[in-house]
Amino acid sequence: MEQFKVTRVYADENGESHFDEVFYPLTGGGTIGHLSQSVAVKEVVFRKVPAGYNDLHNAPQKQYVVLLDGGVEIETSLGEKRVFEQGEILLMEDTTGKGHRSSNVEQRERSSLFIIF
């Protein structure tokens, strides 16, 4: 079965942030490819961050983050780091707790899309 992988960042009961993987099953859609079930969303926000972006924060709300034109390094509150490249999708759910640090991989402006649900 085809699947679509999204990396999740969430806070546990002690407020520590962690990585996880979520897989959305895809079914055949004929000539248009494979599709997931629809996901209800509230709004979409376009974002650009400056070249030197490096910030410790919580996600302001549960949201998908689509990396449009550059990579980001995410560090959990426990110090685990992962790099995500252009085109990857993150599911940010650490709206409480100790948060995570986001840093641009390259020293240039980076664009992303927030899909809030």
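Which side chains meet in a salt bridge at 2.5 Å, N to O? Select arginine 8 and glutamate 93: their side chains are the ones that do. (A salt bridge here is a side-chain nitrogen of Lys or Arg within 4 Å of a carboxyl oxygen of Asp or Glu.) Arginine 8 lies in strand 1 and glutamate 93 in the loop between strand 10 (89-92) and strand 11 (100-104), so this pair ties together parts that are 85 residues apart in sequence.

Before going on, some housekeeping. This is a predicted model, where local features need pLDDT of at least 70, side-chain atom pairs count only at pLDDT 80 or more, and totals for chains, interfaces and linings use all residues. Residues are numbered from 1 along each chain as its sequence is written, and side-chain values use heavy atoms, with hydrogens and water left out.

**Stop 1: the whole chain**

Zoom out and switch to cartoon. You'll find 12 strands and 0 helices. (Both are DSSP runs numbered from the N terminus: helices are H or I with at least four residues, strands are E with at least two.) The C-alpha atoms fill a box of roughly 45 × 35 × 25 Å along the principal axes. Of the 117 residues, 34% count as buried. (Buried means under 20% relative accessible area, exposed over 50%, and partly exposed in between, with a 1.4 Å probe and protein chains only.) Take contacts between residues at least 6 apart in sequence, and 69% of them join residues at least 24 apart; contact means heavy atoms within 4.5 Å.

**Stop 2: around arginine 8**

Aspartate 20 sits in strand 2 (residues 17-25) and arginine 8 in strand 1 (residues 3-11), 12 residues apart.

Glutamate 93 is buried, at 18%.

Next, select arginine 108 and glutamate 106, whose side chains meet in a salt bridge at 3.1 Å, N to O. The whole structure has 7 salt bridges.

**Stop 3: the aromatic rings**

How many aromatic pairs does a search of the whole structure find? It finds 3. (Rings of Phe, Tyr and Trp, the last by its six-membered ring, pair if their centres lie within 6.5 Å; planes under 30 degrees apart count as stacked, over 60 as edge-to-face and the rest as tilted.)

Select phenylalanine 19 and phenylalanine 84, a tilted pair at 6.0 Å centre to centre with 50° between the planes. Phenylalanine 19 is in strand 2 and phenylalanine 84 in strand 9 (residues 81-84), 65 residues apart. Both are buried.

Then pick tyrosine 64 and phenylalanine 117, another tilted pair: 5.2 Å centre to centre, 40° between the planes. Tyrosine 64 is in strand 7 (residues 63-67), and phenylalanine 117 is in the segment after strand 12 (110-116). Tyrosine 64 is buried at 11%, while phenylalanine 117 is partly exposed at 28%.
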